[in-house]
Amino acid sequence: MTLLDSLMMAWTALRSNLLRSILTTLGIVIGVASVIILVAVGSGARSEVEKQIASLGSNMLVVFSGSSRVMGRAAGAGTELPLSEADLVAIRDKVDGVVAISGQLNGSGPVVNGNANWSTTLSGVHPDFTAVRDWPVVSGRDFTAQEMRASAKVAIIGKTVATQLFQENDPVGATIRVKNTPFLVVGVLDTKGPSSFGRDQDDLVLLPMTTARGQIVGKSQVQADQVGQLYIKFDNGIDLKDAQEDIETLLRQRRRIEPGAEDNFNVRNLAEFMKARTEVLSTMTYLLAATSAISLIVGGIGIMNIMLVSVTERTREIGLRMAVGGRNADIMRQFLVEAVTLCLIGGLIGIALGVGVAAIVANAAKWPVLISPSVIALAMAAAAATGVIFGYFPARRAAALNPIEALRSE
Amino acid sequence: MSASATVLAEHASRAGAVTQNVPTLIRAEAISKIYRMGDQTVRALDGVSLDIAKGDYVAIMGSSGSGKSTMMNLIGALDRPTSGRLWLDNRDIAHMSSDELADLRNATIGFVFQQFNLLARTPALNQVILPLLYARPRPADLEARARHRLEQVGLGQRLDHLPSQLSGGQQQRVAIARALVNNPKILLADEPTGALDTKTSEEIMTLFGDLNREGITVIIVTHEPDIAEHARRKIVFRDGQVVDDTERFPLRATGGGALS
């Protein structure tokens, strides 16, 4: 008997009990579909996080003033000593491997172009900002050092602001009013997309740091040379852990922090932070994969149950097959192939269902659909294994029947 | 193989019921079959010895519990004797493994049952192909052979009919075609007309007669005297033993044991 013969027999048997076969496979369908969905959505989410890590800028550290220590001991960011231009210069000159460094001093306010107005984030930055964040100007140009020194009234706007104020028109060369002061738009930033927390990163206006400090962010709350947070990009050969320590040592000296006292600033590797989130995500993925493994087991028990019923119902058929020369192994194989076929059909339906649902979820969450052939192969292998494992016992029972008694059964 | 052939030759020289110079196909030598049912033992066959010649037409009779079904199961290689020796086509089945028995059934014996035992929702052609699927080696011309046998039993026009679309007599013909498809030496029929009306029964018995004349050994297990009348030789069982063994006419060396 060839495998094809066995498959044809299995198909005939399954088709003759079509409704029951379909209902039996349901557990497998759900198990396989959830494997596909979870892996697809999980890895889609992960690749999204990875994209966000990349969007932060690579090889970058961020320095915040103020303590983020937990346990309620921190005094709050506003009360801490802000980072200053002098800190920036010190880090640039004394820490190894700094490629680019920029502050980002944030405020907010309305921006107006004719009748269009929009409330957005106003960020004072240094000319290195676009380099540090890997965030190029796609239209127009970057700030010049001259503009920086002269506190020029120039602005680079994010894509969202450009769309809100200019629709399809080119903003470069136009004049907009920022907090009622006219600014010349010199450039438009590339699209960055939402941040990992869902904030629209393209909804901002960049101003030269000096301009922002003097006029926009609000004099009253600002120390004379504060720079907000510092973004520092390092050379590829630099170990960010060493760089982080260097900056910490330097800032502790500059701020005269006693040994043993807590830092009143934070040096963060945001990429590391995001990676930790990715790990949480993959843990979740594994957990959910375990859940679908459980549904495969439950589905397998359903298959076993129905196969046992089938063996009982078809005892005479088994007797006849033995009488005409079927060996025990032939009978065993027939029922095993039947169970595996049932599971594989369930697996195929499950894959179709899973791919469909994953596509819908990914579309809703604006994630890429990630369905790799290896996941599909894994799901099919899991379905087939379920068939073999749970089909084995019924098949062995069928093969162990005595042909005389089987032929005599009603 | 050669040892059993020698034994057979020995037996043939002092042959009892079987006409000399006709080869023996089935030889039972003091076979017993003992079943254990709970703590008591049932002696279904009790030291039965008999020979059945190649080409014979035999009716095995007896009431229920007489041992005729047990004898049929042994002749059909569905079971092994508890003691004694049983040769089918020169092969001693007493010590065969279940795989060897399966292969022997496949190659040597064609079964016909009272309840036909056709597969549900399976066309006639596939019913007949079934034994060929288990044949070793698997023949290449499955369909042609199955079609030929269905034509032989007069169902050449109903190859794709399902059992539910066939009459009882037609279903039994499909079953006979299935029994014949592997060119067996023995056609073993268990109450083949038990589920059929008189007219259809006669047709089926005529078919058996035709097949026997073509050379196949036919063994029918029945409790109906009318049916047994078609056979050349009648063996009656009671309490696990042969109580009557009559031949209606001598077995010819060529041709079959059917009545002309």
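Biologist: How many bridges join strand 1 of chain B to strand 2 of chain B?
Modeller: In this predicted model, ten bridges join strand 1 (residues 24–37) of chain B to strand 2 of chain B, and the two strands run antiparallel.

Biologist: Which residue in strand 2 of chain B is the bridge partner of R27(B)?
Modeller: The bridge partner of R27(B) in strand 2 of chain B is D51(B).

Biologist: And what is the strand order of the open sheet in chain B?
Modeller: The sheet has four strands in the order 2-1-4-5, with antiparallel pairing, and its edge strands, which each pair on one side only, are strand 2 (40–53) and strand 5 (91–92) of chain B.

Biologist: Switching to helices, which residues are buried in helix 3 of chain B?
Modeller: In helix 3, which spans residues 98–108 of chain B, the buried residues are L101(B), A102(B), R105(B), N106(B) and T108(B).

Biologist: What covers those buried residues of helix 3?
Modeller: The cover includes helix 10 (315–323) of chain A, together with strand 4 (83–88), strand 6 (109–112), helix 4 and strand 7 (186–190) of chain B.

Biologist: Then how many residues of chain A are in contact with chain B?
Modeller: On the chain A side there are 18 residues, in contact with 21 residues of chain B, and helix 10 of chain A gives the most to the chain A side, with five residues. The residues on that side of chain A divide into seven nonpolar, six polar and five charged.

Biologist: Last one: what covers the buried residues of helix 5 of chain B?
Modeller: Helix 4 (124–133) and helix 6 (168–180) of chain B are included in that cover, and just after helix 5 of chain B, G154(B) takes a positive phi of about 85°.

How values were computed: Residues numbered from 1 in each chain as written. Chains lettered and ligands numbered in written order. Predicted model: local features only at pLDDT ≥ 70, side-chain atom pairs only at ≥ 80, totals over all residues. Contact = placed C-beta atoms within 7 Å. Buried ≥ 20, exposed ≤ 12 C-beta atoms within 10 Å, placed from the backbone. Nonpolar A, V, L, I, M, F, W, Y, C, P; charged D, E, K, R; others polar. Pairing = 2+ DSSP bridges.
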